[in-house]
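The exercises below concern the fold, the packing and the confidence of one chain. Each task is followed by a solution that goes step by step.

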Amino acid sequence: MASLFTFPNPVNEYAARTTAALVVLLAVVTAVANSGWGLAAIAAGFWLRLLFGPRISPLALLSVKVITPRLGKVKLVSGPPKRFAQGIGAAVSTGALLLFAAGAAPAAWTLLGILVIAASLEAFAGFCLGCTVFGFLQRRGVIPEDVCEACNNISLRRS
């Protein structure tokens, strides 16, 4: 049962970036359509990726199984920071969904906008904001070093 809740380590950065691009696309369509269902789908996707890795999330499966293999690019990066980033995405998208459901649509769309900015940085610039926060917290001792030894030891990092 524990293996059900595993997250890959390492992760192909190009698959993560592709998933982020799909999140941006879904978020833009959701905002244009003013759709609570779209917010629910975005939040559910983040929760699925956080809890189960790419095995169940439709966007992640599309990225990992269809799009990224066609790109033919592989760059392995540490999994724990990417999982942490999915957790931030889950929190922000769930917050947006709850605000929308409570009738605070402008606040919901503001949170969705923040999510679009973070996902766009990942997708189009290769900058993972959640991973940066993870590293900051790990350097401050909030996240134990053994959670991601490769994050602290440059000799363990893969290129």
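**Exercise 1.** State in which pattern helices and strands follow one another along the sequence, and why the chain counts as compact.

*Solution.* Read along the sequence, the pattern is β-α-α-α-β-α-α-α-α, where helices (H or I, at least four residues) and strands (E, at least two) are DSSP runs numbered from the N terminus. The radius of gyration, taken over C-alpha atoms, is 16 Å, close to the 15 Å that the globule rule gives for 159 residues, so the chain is as compact as a globular protein of that length; that rule is 2.2 Å times the number of residues to the power 0.38. This is a predicted model, in which local features need pLDDT of at least 70 and side-chain atom pairs count only at pLDDT 80 or more, while totals for chains, interfaces and linings use all residues. Residues are numbered from 1 along each chain as its sequence is written, and side-chain values use heavy atoms, with hydrogens and water left out.

**Exercise 2.** Determine what share of the contacts between residues at least 6 apart in sequence joins residues at least 24 apart.

*Solution.* With contact meaning heavy atoms within 4.5 Å, the share is 74%.

**Exercise 3.** Find which elements have the lowest and the highest mean pLDDT.

*Solution.* The pLDDT is the predictor's confidence in each residue, from 0 to 100, and its mean over the chain is 92, with 94% of the residues at 70 or more.
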